[in-house]
Amino acid sequence: MGATAAVLGASGYAGGELLRLLVGHPVMSVGAAAGATRVGEAVEDVHPQLRGSLELELVGIEEAAAGADICFSCLPHGVLPDHLDAISSGVLVDLADDFRADPGWIYCVPELDRSMLAGASRIANPGCYPTAALLCLVPFARRGLIAGPITVDALSGVSGAGRAARDDLLFATLDGSAAAYGTVAHRHIPEMERGLAAFGSLETTVSFTPHLIPISRGLLVTARAQLTRSITDDEALQVLTESYAGERFVEVVAQWPSTKAVAGTNMAHVSARVDERAGFLICSATIDNLGKGAAGQAIQNANLALGLDEAAGLEAVAAWP
């Protein structure tokens, strides 16, 4: 039995990635796509990668949501709450951060506790940076191997900043350059802290610094935490290997992860090392910010909520080089 999906905020990068993945989904099909600032335009003109694959015009938010079995919202922060009364879909997945701290919504990285997604109707999709950080840190937190405070440094491709035309996102500004951005009060910090507490039983503070780098897509997190006891590199890798045994979308790698190896997929690559001199665990994770960091994980969560194979529509292999 098929399910009709609506994508709200479909004119942006995450919305386009959702449409691309849904075109190949064996159960869900795209019924409508909303793009408030580009209503009336053909989807294939907004997202040329979909030319010949999806013949739809962008419509208004409430028109797109009407009659859909499942809604994916890529609307900017603060927009979806004004339209909730008009959305009657059995499953609603929000990719923004409006409801990530709302107890009425399910917040979940599936590999950390997928059981909470069964039958869920309102899902707050985790952010890209927290997803990568939690995947590499939580296994060690669960075993009591790390203590806070925790430092998280991250690099993100330009698509993570959205599709808006801004001077700091121009090619001439970005090419050959890299810079930190945001503030020490970045909105992903409390999300990481809540995730460590909820999934790893570790109450701590996180110091987070994101960086924008001149690649289109990809996200790399490197986190540092004080070890509570001495372990070796092999033991650190074993913790990750045991934690993600059998997982289809998390691969433990012996070398440090790289962004290109997961581009266009819902995969996460994780690894870890021990800094014996300083007594720190150093762990790293890489994901596609539009895949496991946004659209891919949204579909994975929706699959689980609907009782489908969680890998449905998500089994693409990364392109290389």
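1. The model contains an open sheet of 7 strands in the order 8-9-7-10-13-12-11, with mixed pairing. Strand 8 (179-180) and strand 11 (250-252) stand at the edges with a single partner strand each, so one side of each lacks a neighbour in the sheet. Strands (E, at least two residues) and helices (H or I, at least four) are DSSP runs numbered from the N terminus, and two strands pair if DSSP finds at least two bridges between them.

2. This is a predicted model, in which local features need pLDDT of at least 70 and side-chain atom pairs count only at pLDDT 80 or more, while totals for chains, interfaces and linings use all residues. Residues are numbered from 1 along each chain as its sequence is written, and side-chain values use heavy atoms, leaving out hydrogens and water.

3. Within this sheet, strand 10 (residues 219-227) and strand 13 (residues 280-287) pair in the antiparallel sense over 8 bridges. Phe 280 in strand 13 is the bridge partner of Gln 226. Helix 7 (residues 188-200) packs on the sheet, touching strand 7 (146-156) and strand 9 (206-212); its direction makes about 130° with that of strand 9.

4. Strand 3 pairs in the parallel sense with strand 1 (residues 3-8) over 4 bridges, and with strand 4 in the parallel sense over 4 bridges.

5. Ser 89 lies in the loop between strand 3 (70-73) and strand 4 (91-94). Ser 89 is buried, with a relative accessible area of 2%. Leaving aside neighbours within four places in sequence, its contacts (heavy atoms within 4.5 Å) include Ile 70, Cys 71 and Arg 122.

6. The axes of helix 5 (residues 128-142) and helix 8 (residues 233-243) come within 9 Å and cross at roughly 100°. The two helices are therefore roughly perpendicular to each other (65 to 115 degrees). Leu 135, Cys 136, Pro 139 and Phe 140 in helix 5 meet Ala 236, Val 239, Leu 240 and Ser 243 in helix 8.

7. Helix 9 (residues 291-305) bends by about 50° at Gln 297, the angle between axes fitted to the seven residues ending there and the seven starting there. Just after helix 9, Gly 307 takes a positive phi of about 80°.

Technical notes. Axes fitted to C-alpha atoms, helices over the stretch in contact; angles between N-to-C directions. Buried < 20%, exposed > 50% of the residue type's maximum accessible area, 1.4 Å probe, protein only. Parallel < 35°, antiparallel > 145°, perpendicular 65-115°, else oblique.
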